[in-house]
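Me: I would like to learn how to read pockets, salt bridges and surface patches in a model. Could we go through them one at a time?

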Amino acid sequence: MVNKPNIAGYYIQRSEDAKKYKTIAKIENKYITHYTDKNLKPNKLYFYKISTFTKKGVPSFAKFKEVRTLDKIEAVPFIANANLKVKGMIKIVFRPHPNERVQGYYIEKFNDDSAKWDRIADLEPRLRAEYIDKGLIDGKVYRYRVVAYSFDGIESYPSKVIVAQTLQKPQMIVNIQATTNLPKKIELHWQKVPNAVEYNIYASSIDIEGSFEHLATIKDTHFTDKINKDGYSKYYKISSIDKYGIESMKSQSVMGSTLRIPAKPIVSIEKNNKTIKFILSSPDKRAVKYLIKKDNGDKIINIHNVHSPYIDKDIKSKKTYDYKIYSIDENGLVSKPTEVEVSF
């Protein structure tokens with residue numbers, strides 16, 4: 001302290017080359033005797049000039065001082081990937097820094113988009129020497145490093161870079177088979193995926209990305225989708241899931257359909273005075289029998305288990321008969337009717 005009546009305070013100037021100085025502080029109280037210069041580079045020589053100034057602002061000759069900042073703290077001595085076998089996580093472990101000046105650690109992860117290191121965590125105290133990064137993309141490579149910092153804000157050199165990869169997605173399913181010839185259901189079959197423990201099945205009535213909804217999770221490599229409709233088409237995607245709960249990419253879509261109803265029968269008739277002979281055939285060869293619904297004007301008569309040819313002997317003159325003839329296949333599916341009108 002310069003305790004003279006005409007002294008008002010102090011100027012502090014700094015230089016990095018002892019030639020060009022910059023005023024970094026004006027202390028307007030002569031009784032203050034301490035100043036801290038912050039945010040300097042580690043292990044660097046700085047030059048200072050300190051002078052008084054009078055109440056009229058006139059500076060004195062400066063007192064010269066040079067000082068070197070401390071070097072950075074050494075990097076943490078050991079860092080490794082803990083090879084955590086968990087979906088979407090990477091665990092970094094390191095040895096606590098031996099320097100007791102260390103207060104904590106910054107965890108840094110390399111950002112591939114910006115090509116810069118991002119600080120993603122601040123760990124304290126010094127003995128806390130692990131970090132788990134969560135919510136990561138399956139099968140992606142990440143790079144990490146650790147920077148220690150002291151109680152007075154001095155940072156260490158970065159540790160060596162650890163390269164770690166999250167668990168890979170299991171293999172995508174290919175060659176899915178979906179049936180088109182079963183009544184009221186669609187069956188799916190596919191080959192087992194190595195290391196898969198179960199499978200997710202997604203379904204949609206239209207083959208548009210985003211329209212598929214989760215239908216089932218199963219352990220087998222076949223699935224039956226029961227559908228109470230005939231000739232109904234549906235699209236499917238399947239993914240595999242490993243023991244860590246990691247899901248593969250969804251497969252390409254495959255279409256299956258329930259069996260459509262059989263075709264309407266082709267009907268020809270031979271009529272005489274007392275009988276009608278029906279000659280029936282199935283265009284798609286699926287009919288195993290036929291159903292005839294006969295309307296005689298008074299009531300409707302169902303004639304079951306008809307085979308071709310069929311002769312109707314219950315005929316009266318001067319009447320008109322309406323017939324509806326249906327094909328029935330081996331699964332019991334019934335076609336739309338072929339209608340025939342016969343008059344006597």
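Me: Is Asp 298 buried or exposed?

Reply: This is a predicted model. Exposed means over 50% relative accessible area. Asp 298 has 68% relative accessibility, so Asp 298 counts as exposed.

Me: Which side chain does Asp 298 meet in a salt bridge?

Reply: The partner is Lys 319, at 3.7 Å from N to O. The two residues are 21 apart and sit in loops: Asp 298 between strand E21 (289-295) and strand E22 (300-306), Lys 319 between strand E23 (310-312) and strand E24 (320-328). Lys 319 counts as partly exposed because its relative accessibility is 23%.

Me: How many salt bridges are there, and which residues are linked in a network?

Reply: The count is 19 salt bridges. Glu 108, Arg 119, Arg 145 and Glu 155 are linked in a network. Within this network, the side chains of Glu 108 and Arg 145 meet at 2.6 Å, N to O. That pair links distant parts of the chain, with Glu 108 in strand E7 (residues 102-111) and Arg 145 in strand E10 (residues 141-150), 37 residues apart.

Me: Are Glu 108 and Arg 145 buried or exposed?

Reply: Both Glu 108 and Arg 145 are buried. Asp 225 and Lys 234 are buried as well, and their side chains form a salt bridge of 2.8 Å, N to O.

Me: How is empty space found, and what is the volume of the largest pocket?

Reply: A probe the size of a water molecule is rolled over the atoms, which shows where empty space is left. Here the largest pocket has a volume of about 470 Å³. Its lining has 21 residues, and those closest to the centre are Ile 12, Thr 33, His 34, Tyr 35 and Ile 50. Strand E1 (7-15), strand E3 (45-54) and strand E4 (63-68) each supply at least two lining residues. By class, the lining has 12 nonpolar, six polar and three charged residues.

Me: Which residues lie nearest the centre of the second largest pocket?

Reply: They are Asn 39, Leu 40, Asp 152, Gly 153 and Ile 154, out of 14 lining residues. The second largest pocket holds about 390 Å³ of space. Its lining divides into four nonpolar, four polar and six charged residues.

Me: Which residues make a nonpolar surface patch?

Reply: Val 141, Val 161 and Val 163 make one of about 230 Å². Val 163 is in strand E11 (residues 162-165). With 53% relative accessibility, Val 163 counts as exposed.

Methods
Residues are numbered from 1 along each chain as its sequence is written. This is a predicted model: local features need pLDDT of at least 70, side-chain atom pairs count only at pLDDT 80 or more; totals for chains, interfaces and linings use all residues. Side-chain values use heavy atoms; hydrogens and water are left out. On a 1 Å grid over the protein atoms alone, a cavity is a set of points where a 1.4 Å probe fits but cannot get out, and a pocket is an open set with protein on both sides within 12 Å along at least five of seven lines; lining residues have an atom within 4 Å of a point. Grid points are joined across faces, edges and corners, and a volume is the space filled by probe spheres set on the points. Helices (H or I, at least four residues) and strands (E, at least two) are DSSP runs, numbered from the N terminus. Ala, Val, Leu, Ile, Met, Phe, Trp, Tyr, Cys and Pro count as nonpolar, Asp, Glu, Lys and Arg as charged, and the others, Gly among them, as polar. Patches are made of residues with over 30% relative accessible area and no salt bridge: like charges are joined within 9 Å, nonpolar side chains (Val, Leu, Ile, Met, Phe, Trp, Tyr) within 5 Å. Accessible areas come from the Shrake-Rupley method with a 1.4 Å probe; for residues, only the protein chains shown count as cover. A salt bridge is a side-chain nitrogen of Lys or Arg within 4 Å of a carboxyl oxygen of Asp or Glu. Buried means under 20% relative accessible area, exposed over 50%, partly exposed in between (1.4 Å probe, protein chains only).
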